[in-house]
Amino acid sequence: MARWWPTWSRLGWVMAAAGVFLLLGGCADQRSNAVAPAGTQRVEVHYSAGEVQGGVQRVRVQRGGVVELVVSSDVADEVHLHTYDRKVDVPAGGSATLNFTADQSGVFEAELESRGVQLVQFEVR
Ligand SMILES: [Cu+2]
């Protein structure tokens, strides 16, 4: 993001913001046409230099909601969501996306499996 920041003019940002505003408004009016399922909660976690950037967060999720967990990492590992037991490989320097429907209540953690490093916690209720 920082890389292409200088290429945007101030006007460009204003127009982009207006576009996002219009898109969000459109989604609210036409949920069935939205690209992402209604209620999808996108959670991004960035792991680099041996730690989760910004610290490990606990994210509240409404039960029944759909979560899109996007993990970027500077090391190759496997992202594992406990209890739901969902797994996805993340390549070094890349990212991986794990989608799940939060149909079980409680607190669940996602970790980098081989390192045993906690990435994020989901509090579903
Ligand atoms: Cu695990």
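## Strand pairing around β9

Two strands are taken as paired if DSSP finds at least two bridges between them. In this predicted model, strand β8 (residues 106-112) is joined to β9 by seven bridges, and the two run antiparallel. Within this pairing, glycine 106 has valine 124 of β9 as its bridge partner, and glutamate 109 stands opposite glutamine 121 in β9.

Strand β9 (residues 117-124) also pairs with strand β3 (residues 57-61), here in the parallel sense and over five bridges. The bridge partner of arginine 60 in β9 is glutamate 123. Strands of a sheet pair through backbone hydrogen bonds, either parallel or antiparallel.

## The open sheet

β3, β9 and β8 belong to an open sheet of five strands, whose order is β3-β9-β8-β5-β6 and whose pairing is mixed. The edges of the sheet are β3 and β6 (86-90), each of which pairs on one side only. From one strand to the next, the twist averages 20°.

## The β8-β9 hairpin

The hairpin of β8 and β9 has four residues between the strands, and glycine 116 in this hairpin takes a positive phi near 65°. Serine 114 is found in the loop between β8 and β9.

Is serine 114 buried or exposed? A residue is exposed if 12 or fewer other C-beta atoms lie within 10 Å of its own; serine 114 has 11 C-beta neighbours inside 10 Å and therefore counts as exposed. Leaving aside neighbours within four places in sequence, serine 114 is in contact with Asp77 and Glu78. The C-alpha atoms of serine 114 and alanine 76 are 9.5 Å apart in space, while the two residues are 38 apart in sequence.

## The nonpolar core

The largest nonpolar core has 17 residues. Val67, Val71, Val79, Ala102, Ala110, Leu119 and Phe122 are the residues with the most contacts inside this core. Two or more residues each come from β1 (41-48), β4 (66-73), β5 (77-81), β8 and β9. Among these elements, β9 gives the most, with four residues. In soluble globular proteins, nonpolar side chains tend to be buried together.

Which residues are in contact with alanine 102, leaving aside its neighbours within four places in sequence? They are Val61, Arg63, Gly64, Gly65, Val67, Phe122 and Val124. Of these contacts, Val67 and Phe122 are also listed with alanine 102 among the residues with the most contacts inside the core.

Notes. Residues numbered from 1 in each chain as written. Predicted model: local features only at pLDDT ≥ 70, side-chain atom pairs only at ≥ 80, totals over all residues. Core = buried A, V, L, I, M, F, W, Y, C linked by C-beta atoms within 7 Å. Buried ≥ 20, exposed ≤ 12 C-beta atoms within 10 Å, placed from the backbone. Contact = placed C-beta atoms within 7 Å. Axes fitted to C-alpha atoms, helices over the stretch in contact; angles between N-to-C directions.
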